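Student: I have a protein model open and I would like to learn how to read it. Could you take me through a few features, one by one?

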Amino acid sequence: MAERLVFLTGHLARSRLEKLLAGLGQTEFEWEIVDIGVKVAALMTEEIIKRRLTLPEGTDRVILPGRYRGELERLSAHFSVPFVRGPDEIADLPGFLGRAGEPPDLSRHDMRIFAEIVDAPMLSVAGLLARANVLRMAGADVIDIGCLPETPFPLLREAVRALKAEGFSVSVDSASLDELKIGAQAGADYLLSLTEHTLPLALDFPVTPVLIPSVPGDLDSLGRAIEAAQKAGIAFIADPVLDPIHFGFAQSIGRFIEAHRRWPEIELLMGTGNLTELTDADSSGVTALLAGLCSELSVRNVLTVHVSPHTVRTVEEHDVARRILFAARNDGALPRSYHAGLLQVHDRKPYAATIEDIEALAGTVRDANFRIMTAEDGIHIFNNRGHAVATDAFELFSGLGVEKDGAHAFYLGAELMKAEIAWRLGKRYAQDEPLAWGVAAPAPETDRTRLAEAGHTLRAKKEGS
């Protein structure tokens, strides 16, 4: 028997919601729309729903607008039917329903993130701990202490012990055998990067070595190190080494493919910094691509670096990427529509409404409050006095009639500029909401159980009255 869904909505969205659901054609569920009697979803409250809603017989689930503020559990208990919060925008409803109304599970992954503190020798122990805590909050699993060539690191032993005392997993990355030995003695969990010649250092301590070729690009030397570690019966990770673009990048990708072919059961690591740091491109896209390679080649460890300012969110990007890729691989699906954290500059669906949708909505407005929306043809602003469209926010100001209302003019100027930025970049715009920049600039937490506060201009009017 087909599931029967009831969609709650307000006056202004009803016709558009009905048009969208009808346009889905044959579906695996039956549906019905209930107009709860408010103008917009933001005005829908738990009390209004309880007082006005009579559910059709046989309802299996109720879909609320994404911007509904209230406790879903109380509604579910009151009506003895599950209530779920749908997407914020009607345009996103088909994708939501395609997952049977359930958000993707991004709680799982199978990739370990090593986050390197490159300038560790220049930091105090307190400074190192502070940096490590930021990295852990961002998603790092292992704090990698980077040692600099020909740079003394007298606090190395103390730094490792302090990190371990705070519950961190720690790796030490150095070309100096003395520094690696100090790190191992202090309790480091991993040593980077050992070769077939320096591997014996790891045999004297309970530490996991990360092995690299003794000659750059030579998988055979990496193979000998792997054989030696296996013979010694110790755990290890192998790193074929990813090279920068124009300095062996394509060949290094080939090495990872060959390493996976030769040693399918061996733990591999990829250092992604040679691409994210050394390529002037938004790091989120580079990270997504490299995480995809890791997912296909069973590379379960990545080493991230943040030196360049444009990679400031690299750990967060790797954390989102590993969760998306894990879920998509388990689903046998493309890594699309799982999470928007790596869509920082553009959105896949930049417009929440079509030009026709906006024109229809504008025709129903009976008050003087300005609504601002974007569509393919530009920025739309409308109220009961008119409807204007432009691609330059400044072109709209002269027709708004707010020259003598400073607070309202400031608000509209800010919103129109935000709308223009979104339109030019191909990003989703929603009035009174911040633009979404993915993990590049995390949005503030919102409480979906409480009604939103009054907007800027309404607050100003109330405070001035």
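Student: Which residues touch the most other members of the largest nonpolar core?

Tutor: Start with the general idea: in soluble globular proteins, nonpolar side chains tend to be buried together. Keep in mind that this is a predicted model. Here the largest nonpolar core has 60 residues, and I145, L163 and L211 are the ones that touch the most other members. The helix that gives the most to this core is α5, residues 125-138, with 6 residues.

Student: What does L163 touch, leaving out residues up to four places away in sequence?

Tutor: Find L163 and look around it. With those sequence neighbours left out, L163 touches L128, L129, A132, I143, I145, F168 and V170. Another core lies apart from the largest one; it has 18 residues, including V6, I49, L55 and V81.

Student: Which residues line the largest cavity?

Tutor: Its lining is made of D110, M111, A291, S295, R300, R322, L325, F326 and R329. Sorted by class, the lining has 4 nonpolar, 1 polar and 4 charged residues.

Student: And the second largest pocket: how much space lies in it?

Tutor: About 380 Å³. This pocket is lined by 19 residues, and those closest to its centre are E116, D173, N274, L303 and V305. Look for β8 (190-194), β11 (269-271), α10 (273-276) and β12 (301-305), the elements that give two or more residues to the lining. By class, the lining of this pocket has 10 nonpolar, 5 polar and 4 charged residues.

Student: One last residue, please. Is R61 buried or exposed?

Tutor: A residue counts as buried when its relative accessible area is under 20%. R61 has a relative accessible area of 10%, so R61 is buried. You can find R61 in strand β3, residues 61-64.

Student: What joins the side chains of R61 and E3?

Tutor: A polar contact of 2.8 Å joins them, side chain to side chain.

Technical notes:
Residues numbered from 1 in each chain as written. Predicted model: local features only at pLDDT ≥ 70, side-chain atom pairs only at ≥ 80, totals over all residues. Heavy atoms only, no water. Helix = DSSP H or I, 4+ residues; strand = E, 2+ residues; numbered from the N terminus. Buried < 20%, exposed > 50% of the residue type's maximum accessible area, 1.4 Å probe, protein only. Polar contact = N/O pair within 3.5 Å; in protein donor to acceptor, adjacent residues only side chain to side chain. 1 Å grid on protein atoms, 1.4 Å probe; cavity = no way out; pocket = protein on both sides within 12 Å on 5 of 7 lines; lining within 4 Å. Nonpolar A, V, L, I, M, F, W, Y, C, P; charged D, E, K, R; others polar. Core = buried A, V, L, I, M, F, W, Y, C linked by side-chain atoms within 4.5 Å. Contact = heavy atoms within 4.5 Å. Points joined across faces, edges and corners; volume = space filled by probe spheres on them.
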